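Welcome to my notebook. I opened this structure for the first time today and jotted down what I looked up as I went.

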Amino acid sequence: MENDKKDRIDIKGRCSCKGYNLDKLLQPNILILLTKKNLHGYSIIQELESKDLFNGEKADKTGIYRTLNTLQEKGLIQFEWELESTGPAKKVYHITETGLECLSHWVNTLESYKKTINVIIKEAKALLEK
């Protein structure tokens with residue numbers, strides 16, 4: 001009986017079934033933000049948190065900066081140093097033409113996922129309502 005408890009999914013914890021592990025969705029969200037305006041890393045984090053992408057939790061700042069680096073390495077975004085009279089220099093990110101093309105692909109991919117997700121939801125609801 002005790003082993004059964006250990007084998008069960010901990011739905012109170014950080015389970016994918018509760019929206020965790022959707023870090024890939026950072027990419028299109030960052031591209032969306034940078035399509036609207038150029039931002040530095042901290043502003044990107046604040047904007048993402050205001051969209052409540054993290055189930056009410058604080059964003060993984062390291063993960064966001066890692067995603068920014070990945071997007072930059074792929075040529076989807078670029079940055080310029082902003083030198084202010086006070087404080088340290090900041091990287092200000094902007095989207096590239098390749099990034100806009102990638103965002104277009106994200107739209108198509110997410111539309112496709114949406115159809116698949118709707119089928120899963122419909123089937124699961126039907127089974128759970130029995």
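Before listing elements, I noted how they are assigned: helices (H or I, at least four residues) and strands (E, at least two) are DSSP runs, numbered from the N terminus. With that in hand, I read the order from the N terminus on as α-α-β-α-α-β-β-α, which comes to five helices and three strands.

Some ground rules came next. I am looking at a predicted model, where local features need pLDDT of at least 70, side-chain atom pairs count only at pLDDT 80 or more, and totals for chains, interfaces and linings use all residues. Residues are numbered from 1 along each chain as its sequence is written, and side-chain values use heavy atoms, with hydrogens and water left out.

**Entry: the whole chain.** I looked up burial (buried is under 20% relative accessible area, exposed over 50%, partly exposed in between, with a 1.4 Å probe and protein chains only). Of the 130 residues, 28% count as buried. I then checked contacts (heavy atoms within 4.5 Å). Among those with a separation of 6 or more, 47% join residues 24 or more positions apart.

**Entry: helix α3.** Which residues of α3 are buried? I found G41, S43, I44, I45 and L48. These buried residues pack against α2 (26–36), β1 (39–40), α4 and β3. Just after α3, I spotted D52 with a positive phi of about 55°.

**Entry: α3 and α4.** Two packed helices are described by the angle between their axes and the distance between the axes. Axes here are lines fitted to C-alpha atoms, for helices over the stretch in contact, and angles run from 0 to 180 degrees between N-to-C directions. For α3 (residues 41–50) and α4 (residues 61–73), the axes come within 10 Å and cross at roughly 115°. On the α3 side I listed G41, Y42, I44, I45, L48 and E49, which meet K61, I64, Y65 and L68 of α4.

**Entry: T96.** Where does T96 lie? I located T96 in the loop between β3 (90–95) and α5 (97–128). T96 counts as buried because its relative accessible area is 11%. Leaving aside residues up to four places away in sequence, T96 touches G75, L76, I77 and Q78.

**Entry: I121.** My last stop was I121, in helix α5. Is I121 buried or partly exposed? I121 is at 39% relative accessibility, so I wrote down partly exposed.
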